[in-house]
Amino acid sequence: MEKKANINSVPISRKTLSNKAVYNITPFTLLDYPDKTACIVWLAGCNMRCLYCYNPDIVLGKGKIDFETVLAFLRTRKGLLDGVVLSGGECTMHKNIIPFIKEIKALGFTVKIDTNGSKPNVLKKLISEKLIDYAALDFKSLPDTFKQITKSNLFSEFEESLLLLITSSILFEVRTTIHSNLINKLELLKMRTYLETQNFEGNYYIQHFRNNVPTLASIGHSDQKMNIADFSASKVKIVFRE
């Protein structure tokens, strides 16, 4: 089997990178990786079924592009892009994600992952091996509504991932999408309090659900707009994103 060494002299099997796990590539973004020019690699499949998910085709679909094809694309973007965003779906659930990221890093790109936190063992390895530079962690809800919203029992895994990021040195953010039928102002305040009890400090990013877009489930119109003035200051600052 042909092998190629990365910049850390770690042998990487080319066969592991031939599986089609990628649904699509967004070749350029200024919005998805703070202070970086980047592309987005959308990995197919997810272990959650969030009602408000904007990417039903990616979550339910199969990969169309293999990692080798993505790497070939990235080689043409050296010097043009700063980083690569791995999103989905859930990027950490793919068994070859670690050798794939090693190859991306070998090309000189920084790496951001968007994750639901459901694979703390993978996240721990990514952190310990310095394979990621930024993480965006989706905080779906508190335990009492987590299963209803995500159709999964993965809150404890999310919590473990949150603690891993809090105790790490990498840059990360916590973010939540709110739909008026699922999370109200009181519940959002409880979520902020939960983050405080976990010793999280910094910005907690909130984005309102966007109406009139395809979603994984039909959950109706979201009509509640929360105002930033409604939230008093604390160690966890709620920041609304449009």
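Rings of Phe, Tyr and Trp (its six-membered ring) are taken to pair if their centres lie within 6.5 Å, with planes under 30 degrees apart counted as stacked, over 60 as edge-to-face and the rest as tilted. In the predicted model examined here, local features need pLDDT of at least 70 and side-chain atom pairs count only at pLDDT 80 or more, whereas totals for chains, interfaces and linings use all residues. Residues are numbered from 1 along each chain as its sequence is written, and side-chain values use heavy atoms, with hydrogens and water left out.

A search of the whole structure returns 10 aromatic pairs. Among them, Phe146 and Phe155 have ring centres 5.5 Å apart and planes at 80°, so this pair is edge-to-face. Phe155 also pairs with Phe158 in a tilted arrangement, at 5.6 Å centre to centre and with 45° between the planes. Both Phe155 and Phe158 belong to helix α6 (residues 155-166), where they are 3 residues apart, about one turn of the helix; helices (H or I, at least four residues) are DSSP runs, numbered from the N terminus.

With buried defined as under 20% relative accessible area (1.4 Å probe, protein chains only), Phe146 is buried at 3% and Phe155 is buried at 11%, and Phe158 is likewise buried. One aromatic cluster is formed by Phe139, Phe146, Phe155, Phe158, Tyr194 and Tyr204.

Charges over rings were also examined, the criterion being NZ of Lys or CZ of Arg within 6 Å of the ring centre and within 35 degrees of the ring normal. Lys64 lies over the face of Tyr23, at 4.4 Å from the ring centre, while Arg241 is placed over the face of Tyr205, at 3.7 Å from the ring centre.

Technical notes
Buried means under 20% relative accessible area, exposed over 50%, partly exposed in between (1.4 Å probe, protein chains only). Helices (H or I, at least four residues) and strands (E, at least two) are DSSP runs, numbered from the N terminus.
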